[in-house]
Every structure is written in C-alpha cells, then in structure tokens.
Amino acid sequence: DLIAQQIFGKSGTAKPSDGQQVIRQAVSSRVRHYGTVLVCGVLSFYESRNGTLYFVVTTGHGKVNRVVAYVINGKQATVDGSGRVTSMSYTHKGTTYYPVSIFFKDGDPDQTAFSQLTSVFSEWTTNHRQRGCSAVLLVCGGTKQEYFADVYEGSRQPEPTLILEASLVYDPRLDSTQIIGYDGGGSPVYGSGAHRKNDQTTWAFTENWALNFADYLAHEDGYGAGVDMINWTNVAQEADICDETVTTVDSRVIPKWRACGSYRLAEDERRAIVAEFLKCADGFMWQDAHGLINIQSGRWIEPTVHITDKHILSCTASIGADPQDRANEVRVVYTEPLFDYTETEADPTIDAAARAIVGRAEVQRFDAYYCPDHNQAKRIGKRILTKLLDRWVLNLKTNLYGLNAIGERFIYITIAELDIIEVAFEIT
C-alpha cells in the first residue's frame, strides 16, 4: 500500500506541456520554476494601438537567471540586441523590416515597467512593474498583405514560449561562512565564496537536485520551512554527490542527479511537490535530532544499524507488493529537452526473469516530471522495479533500540524464524 502510494497514482504537478501555452484567466496561480524549463504563462496585457499589437505574458514568480532561447509558435526565434525578432521579417524595395519585437523582465524585485508600453499606453504606467514576476512583452507590427504570411506563419498571432534558466538558489559550498563538513581531526570545513543563505541577491542558477530541493523546502513560497530549518552541511555533501557525473549510452557526460520543473503556488499541494522532488532523484529525507531537515539522493549506503530478534517486539511480514501494484515492467515518464521539454516515456525497464515466471507483462507507469534526462529516468525505473518485485516487506515494532534507525535509509535485519539473516532492507 505504502509503495503504491509513493510510486503510483497521479503526479503532484501539472504536466510540463500544460505550462507551455498562454493562459487566459482573470485570476490564475503564480508559478515558480527550477532548473531549465520551457514555459509560457498568464496573459496580463493585450491591446493594439495604431495597427500594432502589444501583449504581456507573465511567465513566473520570482527572479530567474536568464532566457536561453525564445520560441514563437513552436519555432526558435532569432532576436538581436534591440529585441527585434530577425527570424520574422520581410523585404520591400531592398529594405528588410522586422515587425515583431520581444522584450523580457527577469522578475527582479526592483525591476521597472516595460518602457515600450508606458510610452504608448496611458493605462500601463511606470507603477506596472510586476516586481518579483518574470514577464515577456511581444510587440507585433502590421505589414502589407502580400508580406503578412512571410512574417506571421500560418497567418496566426505569434505566441511566445521561453526556455529559461530559472530560479536562483543558495549553494552552501559557495558560502565562506557556512560549515560544509569536517576534516579528519573533527575541525569544521567552510565553503568558499560570496553566497549567503539570507541574501537572495548572492544566489545563482543550478540544476543540482539537492540545491533545488533544499531551496524548495526552505523558501517562503515553497514548503516554507525556512533556511534555519535545513541542515546545510548535509545539503553541501549531497550537492557534491549530485554533481558527480555519469556517462550515457550515447556518450554524453551528465551530472548524476538534476531537478527541473515548475509548481503552481495556489494549486499544487506542498507534500505533492516534495514527492516530485523525491521521485526524480530516488530521494530520501528525514529530520535529525536537532529538528533539521536532511535530504539524500539515491544511492546504496552500507547499513550501520542491525536490528535482530532481541530488538523486535512484533512483526508482520509479506512477500512483495500487493497484486495490483506488482510489476515486471516499469515505464517512467520524464521531461525531454530534445522534444520541446514535453513529457516523454523512457525506454521500459523490464525484469525478464520475473516476467517469465508469471508468463505476461505486468506494466506500471511512473510520472517523474522533474526528471530532465532519459538516463536519469532509466536509473529511477530500475530502483522502482526493485521495490515491486517479490521481496520481503516488513512492518516492525521494536524496543528503543529502533531509534537508531532514524535518519537511516538502509538497515540490516535478522529474523531467524523467517530465515532472514543479516539482510539489508530499505526503510520506506
């Protein structure tokens, strides 16, 4: 049951493609983004003046790092330093014209209003700054009829989407005042750099799973625990693990664990977003004896706790997941940048031996939209399949010795009556 709740069921967030179109609603939720994402947003202004259309789309909540690329009607646009979309042009009597321009605000708390609007519309004043919200302005000029289709392909209004390097987050490894570990003699080791956990102006962009997850847990517009409730020494160590590289089957070298995705502040439950982060890196989290939140990315850690018969007061045991949750094939749905950052099904992960025993495919789908790479999705799929095969599932009640398992992901268990002798178990 617990495995089914953790692994199956609907994703905690909207699909990536749901956020890649203009939302026309009087009131809509703000959206925050992590990592590299393709986004559109909420239509905030839409007016024409003297044959030129102006419209603003608010793309997100909070300051973002930069625009990687502009995409208009599904095609990547070329934009010059003045904001002119040079890939949407026409030539008349030897002169090339660029009727479409695009401008961006990164969501800085002190940003100014779009001057391209304040100079034209009295109703859009210098007070319309949209501070703390990233936004894109598209200006679409008129053309002669014979050139209209050359500029506006399909004779339709252009709609922008943006590939963004999104939220800026704190990295304790880049903070010279933050303890990030201890040396062999037990003395603290500090980070190096100008990052400060209480000063967002010092933060930087990353796709690192540990850093983005820790930011969500701490951020006032995320889980809301606060920066002082996070074990930043733990986060620094996990960030190093996430930065370790793996080589894919197509010879790419990528960081081991990344997180890229979006959440709606007013619609997505906080526990669902936590689950999304945990899913995309086979993650684990706990509170330590000081009440601080600790996180851990997926990997094997040799157990240091061994629970035996003498510690166990009662036990229920079963083999494998419930029949409706059992699987010998797992299909992970992730976000693929090569396919316009849309949800994509990874190659299935199959246990051929388990399938041969039952004589049929038992398939389960697993949505991990914050996962940005096929290789990472495959590694997640292998872990899920391991959990769903015919293995012991125990529910233990122990004496006080069981408190040693707090904060441990893997422990050894010995139950002689069940012929379980120093077998490693994962705490779920």
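A residue is called buried when its relative accessible area is under 20%, exposed when that area is over 50%, and partly exposed in between (1.4 Å probe, protein chains only). The structure examined here is a predicted model, in which local features need pLDDT of at least 70 and side-chain atom pairs count only at pLDDT 80 or more, while totals for chains, interfaces and linings use all residues. Residues are numbered from 1 along each chain as its sequence is written, and side-chain values use heavy atoms, with hydrogens and water left out.

Helices (H or I, at least four residues) and strands (E, at least two) are DSSP runs, numbered from the N terminus. Asp 268 is found in the loop that links strand 18 (261-264) with helix 6 (270-280). Its relative accessibility is 10%, so Asp 268 counts as buried. The side chain of Asp 268 makes a polar contact of 2.6 Å with that of Arg 264. A polar contact is a pair of N or O atoms within 3.5 Å; within protein, one must be able to donate a hydrogen and the other to accept it, and residues adjacent in sequence count only if both atoms are side-chain atoms.

Asp 373 sits in the loop between strand 26 (363-367) and helix 8 (374-388). Asp 373 is buried because its relative accessibility is 5%. Its side chain has a polar contact of 2.8 Å with the side chain of Arg 252. Contact in general means heavy atoms within 4.5 Å. With neighbours within four places in sequence set aside, Asp 373 is in contact with Arg 252, Ile 254, Arg 258, Tyr 334 and Thr 335.

Attention now turns to the sheets, where two strands pair if DSSP finds at least two bridges between them. Glu 47 stands opposite Tyr 54 in strand 5.

Another open sheet is formed by three strands in the order 21-28-29, again with mixed pairing. Its edge strands, strand 21 (306-307) and strand 29, each pair on one side only. Strand 28 (residues 410-415) pairs with strand 29 (residues 420-426) in the antiparallel sense over five bridges. Opposite Ile 411 stands Phe 425 in strand 29, and opposite Tyr 412 stands Ala 424. The hairpin of strands 28 and 29 has four residues between the strands, and there Asp 419 takes a positive phi near 60°.
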